Amino acid sequence: MRIAIAGAGSVGRSIAGELVENGHQVMLIDRDAGAMKPERIPAVEWVQADACEVASLEEAGLQTCDVVIACTGDDKVNLVVSLLAKTEFAVGRVVGRVNDPRNEWLFTDAWGVDVAVSTPRILAALVEEAVSVGDLVRLFTLRQGQANLVEVTLPPTTSLAGRPVRDLRLPRDCALVTILRGGRVIVPQPDEPLEPGDELLFVASTEVEDAVRDALR
């Protein structure tokens with residue numbers, strides 16, 4: 001894919017490096033001349049331009065990109081870039097970085113954002129996931145909040161121990177996608193028995209998360 005990244009700071013450069021290694025064409029855009037460091041990732045196309053200006057984005061060729069990632073350190077800039085990418089250049093996939101979790105509610109399709117990534121929220125969720133047993137932890141939000149990746153670690157006293165996956169009475173709009181057990185990643189099968197300490201990963205809509213909790217108690 002051809003991918004444009006607005007923001008050539010440490011985060012943007014790290015993302016660009018990973019994408020280049022995976023075989024994608026990457027363009028880094030930043031208006032700060034000091035951020036232009038092509039010697040660090042020679043395979044990337046470096047563009048000094050204001051990503052909030054339509055003319056600059058058009059000259060850079062944003063209309064040829066499959067994905068735009070707005071990952072500057074300024075949420076206002078990221079929202080403007082996302083909106084322009086979607087409305088002016090019809091980019092198919094727009095990812096917006098959320099620096100301040102209080103602004104997360106703005107990063108929706110109304111602003112052209114397909115996927116919002118909040119680093120503080122993800123880190124907090126990972127901490128909760130590491131220390132929480134028996135409770136549901138939201139790890140990641142998908143499709144502008146329409147669904148979430150959630151995790152539950154079965155406690156040592158779980159009544160589900162030894163029972164097969166098919167016995168889980170999960171609500172609609174919820175799917176068990178994997179079971180993490182020790183160093184194994186297990187694709188759930190109806191006859192797979194559950195064990196204490198299993199980490200269950202679900203994709204579920206927000207509305208049914210309480211029902212998921214009830215099904216695992």
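This is a predicted model: local features need pLDDT of at least 70, side-chain atom pairs count only at pLDDT 80 or more; totals for chains, interfaces and linings use all residues.
View 1. The protein chain has 217 residues, of which 43% are buried, and its secondary structure consists of five helices and eleven strands. The C-alpha trace spans about 60 × 35 × 25 Å along its principal axes. The domain assignment places residues 2-118 in domain 1 and residues 132-215 in domain 2, and the centres of the two domains, taken over C-alpha atoms, are 34 Å apart. Where contacts join residues at least 6 apart in sequence, 52% of them link residues at least 24 apart.

View 2. An unreviewed UniProt entry carries the annotation "domain: RCK N-terminal" for residues 1-117.

**View 3. The largest cavity and its lining.** One cavity of 30 Å³ or more is counted in the model, and the volume of the largest cavity is about 30 Å³. Its lining is formed by Ala 4, Ile 5, Ala 6, Ile 29, Ala 51, Leu 57, Leu 62, Val 68 and Val 81. In terms of residue class, the lining of the largest cavity comprises nine nonpolar residues, with no polar and no charged ones.

**View 4. The second largest pocket.** The second largest pocket holds about 230 Å³ of space. It is lined by 14 residues, and those closest to its centre are Gly 7, Asp 30, Arg 31, Thr 72 and Val 77. The lining of the second largest pocket is divided among seven nonpolar, three polar and four charged residues.

**View 5. Ser 56 in helix H2.** Ser 56 is found in helix H2, which runs over residues 54-60. With a relative accessible area of 18%, Ser 56 is buried, since the class takes in values under 20%. Apart from neighbours within four places in sequence, Ser 56 is in contact with Ala 49 and Asp 50.

View 6. Most residues other than glycine have a negative phi. Ala 90, however, has a phi near 50 degrees, a positive value in a residue other than glycine, and Asp 173 likewise has a positive phi, near 65 degrees. Ala 90 is placed in the loop between helix H3 (75-87) and strand S5 (93-98), whereas Asp 173 occupies the loop between strand S8 (147-153) and S9. Ala 90 is exposed, with a relative accessible area of 64%, and Asp 173 also counts as exposed, at 54% relative accessibility, because the exposed class begins over 50%.

**View 7. Thr 119 in helix H4.** Thr 119 is located in helix H4, which is made up of residues 119-131. The relative accessible area of Thr 119 is 40%, and this residue is therefore partly exposed, as the class lies between the 20% limit for buried residues and the 50% limit for exposed ones. Although Thr 119 and Val 98 are 21 residues apart along the chain, a distance of 7.0 Å separates their C-alpha atoms.

**View 8. Gly 182 in the loop between strands S9 and S10.** Gly 182 sits in the loop that lies between strand S9 (174-181) and strand S10 (184-186). Gly 182 is exposed, its relative accessible area being 82%. In sequence, Gly 182 and Glu 199 are 17 residues apart, while in space their C-alpha atoms are 9.1 Å apart.

Technical notes: Residues are numbered from 1 along each chain as its sequence is written. Side-chain values use heavy atoms; hydrogens and water are left out. Domain bounds come from an automatic or database domain assignment. On a 1 Å grid over the protein atoms alone, a cavity is a set of points where a 1.4 Å probe fits but cannot get out, and a pocket is an open set with protein on both sides within 12 Å along at least five of seven lines; lining residues have an atom within 4 Å of a point. Grid points are joined across faces, edges and corners, and a volume is the space filled by probe spheres set on the points. Ala, Val, Leu, Ile, Met, Phe, Trp, Tyr, Cys and Pro count as nonpolar, Asp, Glu, Lys and Arg as charged, and the others, Gly among them, as polar. Helices (H or I, at least four residues) and strands (E, at least two) are DSSP runs, numbered from the N terminus. Buried means under 20% relative accessible area, exposed over 50%, partly exposed in between (1.4 Å probe, protein chains only). UniProt positions are given in the numbering used here, feature names are shortened, and annotations may be inferred rather than shown by experiment. Contact means heavy atoms within 4.5 Å.
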